[in-house]
2 protein chains.
Amino acid sequence: MPIPAAEVVAASERIRGLVRRTPVVPVDVCGLRLYLKCENLQDGGSFKLRGATNVIRTLSPEALGRGVMAYSSGNHAAGVALAAQRAGAKARVVMPHDAPKVKVDNTASFGAEIVSYNRFTEDREAICQALAAETGAAIVPPFDHPMTIAGQGTAAMELLEEAPELDALIAPLGGGGLMAGTCLIARHMRPSLRLFGGEPALGNDTYLSIQAGERVEIAPPDTIADGLRSFAPGKLTFPVMKENLEAVVLVTEDEIRAAVRWLATKAHLVVEPSGAVPVAAILHGKLPREVRNIGVIVSGGNIEPSQLAEILA
Amino acid sequence: MPIPAAEVVAASERIRGLVRRTPVVPVDVCGLRLYLKCENLQDGGSFKLRGATNVIRTLSPEALGRGVMAYSSGNHAAGVALAAQRAGAKARVVMPHDAPKVKVDNTASFGAEIVSYNRFTEDREAICQALAAETGAAIVPPFDHPMTIAGQGTAAMELLEEAPELDALIAPLGGGGLMAGTCLIARHMRPSLRLFGGEPALGNDTYLSIQAGERVEIAPPDTIADGLRSFAPGKLTFPVMKENLEAVVLVTEDEIRAAVRWLATKAHLVVEPSGAVPVAAILHGKLPREVRNIGVIVSGGNIEPSQLAEILA
């Protein structure tokens, strides 16, 4: 069941005015020019508002009246909470017990009810579905849904509208919603563009899956890139990524920290570890040499102040 | 000798393509909407590139061949260095011995020669003029020159082009180049706009000068807002500010730190203390209550990583 790129274009119309068109910031480094699509400056602090808004705005008024639900490590929770608030719907989100406090507070600030679970011992999908069954609330899937994927693809669509001559485009790899949406619209708008995914070496589920030619599940990863702690790529996102990605580029925890530091001190942008993964790959020379003009989806900025302080100190 | 607003418009034409058009980021806080004009994302990390480029691009090829000079606490140095590099001219800058390392490194990275002096015991203008006399280099004034003022005004011009219905506009107060340029173009484009200056209480030279009705000189100030350590407003900038500012708003050092922290954690922008002064004034309720939509010139982002870490910790 392939997802047509037209779904991304439709999403961009559906979410217009409900989601911020974030700036594209060009930065030069080591003879390369990066075009940073600053989703850290998105409302709610990440690209997740795009997919959540695209899903929620397709619900009927009756469905909206029963509220929405989500399970999330943090940014999807905030995205769903804010999208629901803007649509006048109640939101309840299931979040891991060790989610960054900044993300829990952010989600709560948009009026959502938080349900906590242990991500090492409990199944968030099961918890979420049981609660949804009680209330009739609609679940907003974090990545493996055509409307979620299409919504996330609108960030790359805006970037491609503004950045002139890109050789390549790179985004972080969690469950693959952002990356798959990016692949779909990029292949449509610039068929020859080279597409890369950045993934923490400690959470290399998509890398292993592409190597194996099928979805591989890993143990709960313990990377500081808390938004990329997926066990496996999605059923829908994986084939899109497998078909379109030239490579999955792995980065170490230290490389992620260095990228967070570089973004803060050189680009003057606060970016969370997950959002800094693609820049980590670029700064550490992991893309092919001939790639010079690179579009980068900087996916979010919700980092604990204490963690950022530690990285900068 | 009043400076016509048309000089700002002319500057915007002169510097087009040589200076980045920085994004305007809207942020909601406490029922207010701020429109942050992000000069921390400017090339060189501050608005200073604007004035420096405007001055340097009026020099003859012969003058450019003799190079340019500047004295600066940091950001003007980097602005002149980068503007000179882009014009193919040599730059030499006189910087205080205690200028932030990040600013000295930044300036040197654009190929400028650095001359150090003690800001408590030596006169930077005299040093700069003696060196200029030797080499015939043109001095690029940090604030008290019509071309500098006009160049700095282009940031507010771009903001006013993009932000729809502002009640007020606020910028930081150092020597007054940015504020005077802001006043000139704002009064021209939106005659009824309310204009405010933000100043550290520890470096209140413009506040005292406006109280006194004439330029007052203070002892070398010791505020963390290192870009706003002016002794007195300029001869040219003072009358413009006196005529157009509704008020100079003073902020404490702690209020500045809180604003740097808020900008990093809530707006995901790295802003230096000087650049955070207007936001400090807003967050601490120092503007009139009825002001709701506020344009803010966020002047720069060159903060020591260790200082930012300390503020975030």
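**Buried elements of chain A**

In helix α2(A), the buried residues are Lys48(A), Leu49(A), Arg50(A), Gly51(A), Ala52(A), Thr53(A), Asn54(A), Val55(A) and Ile56(A). A residue is termed buried if 20 or more other C-beta atoms, placed from the backbone, lie within 10 Å of its own. Helices are DSSP runs of H or I with at least four residues, strands are runs of E with at least two, and both are numbered from the N terminus. The model is predicted: local features need pLDDT of at least 70, side-chain atom pairs count only at pLDDT 80 or more, and totals for chains, interfaces and linings use all residues. Residues are numbered from 1 along each chain as its sequence is written, and chains are lettered from A and ligands numbered from 1 in the order in which they are written.

Helix α2(A) spans residues 48-56 and is mostly covered. The elements covering its buried residues include α1 (6-14), β3 (68-71), α4 (75-87), α7 (146-162) and α8 (177-189) of chain A. Ile56(A) is among the residues touched by Val68(A), as are Val80(A) and Ala84(A), with residues up to four places away in sequence not counted; contact requires C-beta atoms, placed from the backbone, within 7 Å.

Strand β9 of chain A (residues 247-251) has four buried residues out of five. It pairs in the parallel sense with β8(A) (residues 194-200) over five bridges, where pairing requires at least two DSSP bridges. Val251(A) is the bridge partner of Pro200(A).

Helix α12(A) (residues 273-283) is largely enclosed by the rest of the structure, because 11 of its 11 residues are buried. Gly285(A), with a positive phi near 65°, follows α12(A).

Note on methods. A residue is buried if 20 or more other C-beta atoms lie within 10 Å of its own, exposed if 12 or fewer, and partly exposed in between; C-beta atoms are placed from the backbone. Two residues are in contact if their C-beta atoms, placed from the backbone, lie within 7 Å.
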